[in-house]
Amino acid sequence: FGASRPPVPATRIGDRSSADMAAMAAAAALRRVATRSPTVLPKLAAGARGFAAVTKSASPETPLMHYKATQHATSSINHRIFYVNVVAMVLVMDVGSSMLDV
């Protein structure tokens, strides 16, 4: 298709860029991981394998219909909502008074 390129001269390690060195290190790490033999997990007894199937539910989160907030949690939420309402009312009063010019 065109003129052939001249051969690339051999370079010393000190002449390589940091990107080349990083690529070489990544390739070496991938090679080590790929050649590792897979670990064999021990077989579990039948009783140990199915212990959670009957006694525990699949989702550990408490459903909202069964959630009962503690007094401290309720007070904390109400306290935060109070300050949000104060900021909203100040904003409404400031914007309203600037629009009406009273």
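Is valine 90 buried or exposed? Keep that in mind while you look around.

Before you click, know that this is a predicted model, where local features need pLDDT of at least 70, side-chain atom pairs count only at pLDDT 80 or more, and totals for chains, interfaces and linings use all residues. Residues are numbered from 1 along each chain as its sequence is written, and side-chain values use heavy atoms, with hydrogens and water left out.

**Whole chain.** Helices are DSSP runs of H or I with at least four residues, strands are E runs of at least two, and both are numbered from the N terminus. Now colour by pLDDT, the predictor's confidence in each residue, from 0 to 100. The chain's mean is 75, and 58% of its residues reach 70 or more. Helix α2 (residues 46–49) has the lowest mean among the elements, 56, while α4 has the highest, 93. Where pLDDT is low, the predicted coordinates should not be read in detail.

**Helix α4.** Select residues 71–100 next, which make up α4. This helix has 30 residues and reaches 43 Å from its first C-alpha to its last, close to the 44 Å expected (1.5 Å times one less than the number of residues).

**The rings.** Show side chains for phenylalanine 82 and tyrosine 83. The structure holds 1 aromatic pair, and these two form it, edge-to-face, with 5.3 Å centre to centre and 70° between the planes. Rings of Phe, Tyr and Trp (its six-membered ring) pair if their centres lie within 6.5 Å; planes under 30 degrees apart count as stacked, over 60 as edge-to-face and the rest as tilted.

**Back to valine 90.** Valine 90 is exposed, with a relative accessible area of 54%, whereas tyrosine 83 is partly exposed at 47%. Buried means under 20%, exposed over 50%, and partly exposed in between (1.4 Å probe, protein chains only).
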